[in-house]
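Please read them with the structure open.

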Amino acid sequence: QSLTPEALNDVLGDDQLAQIASRAGVSQDEARQGLAQLLPEVVDNFTPHGQLPPDDQLLASIDEYRQRLPR
């Protein structure tokens, strides 16, 4: 399910959002917009069929995902 950018304030809080924006080199509004689009896709990726996989599979998926991220 999609998120509104405003909902991310409730989930992350201002301090966490400010840290994410700073690390990404974008404004808080840009971070909020990007995360609102990206977060549902990430959750869908890690929870096939809406179910949380066993811990070992979830950790393996997260490691695999992190390796694909640009550094």
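1. Axes here are lines fitted to C-alpha atoms, for helices over the stretch in contact, with angles running from 0 to 180 degrees between N-to-C directions. Helices are DSSP runs (H or I, at least four residues; strands are E, at least two), numbered from the N terminus.

2. This is a predicted model, in which local features need pLDDT of at least 70 and side-chain atom pairs count only at pLDDT 80 or more, while totals for chains, interfaces and linings use all residues. Residues are numbered from 1 along each chain as its sequence is written, and side-chain values use heavy atoms, with hydrogens and water left out.

3. On the α2 side, L38, V42, N45 and F46 meet L58, S61, I62, Y65 and R68 of α3, contact meaning heavy atoms within 4.5 Å. By class, this contact has six nonpolar, two polar and one charged residues. Ala, Val, Leu, Ile, Met, Phe, Trp, Tyr, Cys and Pro count as nonpolar, Asp, Glu, Lys and Arg as charged, and the others, Gly among them, as polar.

4. The structure holds one aromatic pair. F46 and Y65 form this pair, which is edge-to-face, at 5.4 Å centre to centre and 75° between the planes. Rings of Phe, Tyr and Trp (its six-membered ring) pair if their centres lie within 6.5 Å; planes under 30 degrees apart count as stacked, over 60 as edge-to-face and the rest as tilted. Because F46 lies in helix α2 (residues 28-46) and Y65 in helix α3 (residues 55-68), the pair ties together parts that are 19 residues apart in sequence.

5. F46 is buried, with a relative accessible area of 12%. The cut-offs are under 20% relative accessible area for buried, over 50% for exposed and in between for partly exposed (1.4 Å probe, protein chains only). L59, in helix α3, counts as exposed at 52% relative accessibility. Between L59 and F46 there are 9.5 Å in space, C-alpha to C-alpha, and the two are 13 residues apart in sequence.

6. Two residues of the loop between α2 and α3 deserve a look. T47 lies in this loop and counts as buried at 18% relative accessibility. Leaving aside neighbours within four places in sequence, T47 is in contact with L52 and P53. H49 lies in the loop between α2 and α3 too, but H49 is exposed, with a relative accessible area of 83%. What is the phi of H49 near? The angle is near 60°, a positive value in a residue other than glycine.

7. The axes of helix α1 (residues 5-24) and α2 come within 10 Å and cross at roughly 125°. α1 and α2 are therefore oblique to each other. α1 passes α2 in a right-handed crossing; a crossing is right-handed if the near helix is turned clockwise from the far one by less than a right angle, and left-handed if anticlockwise.

8. In the contact of α1 with α2, P5, E6, L8, N9, L12, D14, L17, A18, I20 and A21 in α1 meet Q28, A31, R32, Q33, L35, A36 and L39 in α2. These residues divide into 11 nonpolar, three polar and three charged.

9. R32, placed in helix α2, counts as buried at 11% relative accessibility. Not counting residues up to four places away in sequence, R32 touches P5, E6, L8, N9 and L17. E30 is also placed in helix α2, and at 48% relative accessibility E30 counts as partly exposed. E30 and L52 are 29 Å apart in space, C-alpha to C-alpha, and 22 residues apart in sequence.

10. For the chain as a whole, there are three helices and zero strands, in the pattern α-α-α along the sequence. The C-alpha atoms fill a box of roughly 35 × 30 × 15 Å, taken along the principal axes. Of the 71 residues in the chain, 20% are buried. Among contacts between residues at least 6 apart in sequence, 38% join residues at least 24 apart.

Technical notes:
Parallel < 35°, antiparallel > 145°, perpendicular 65-115°, else oblique.
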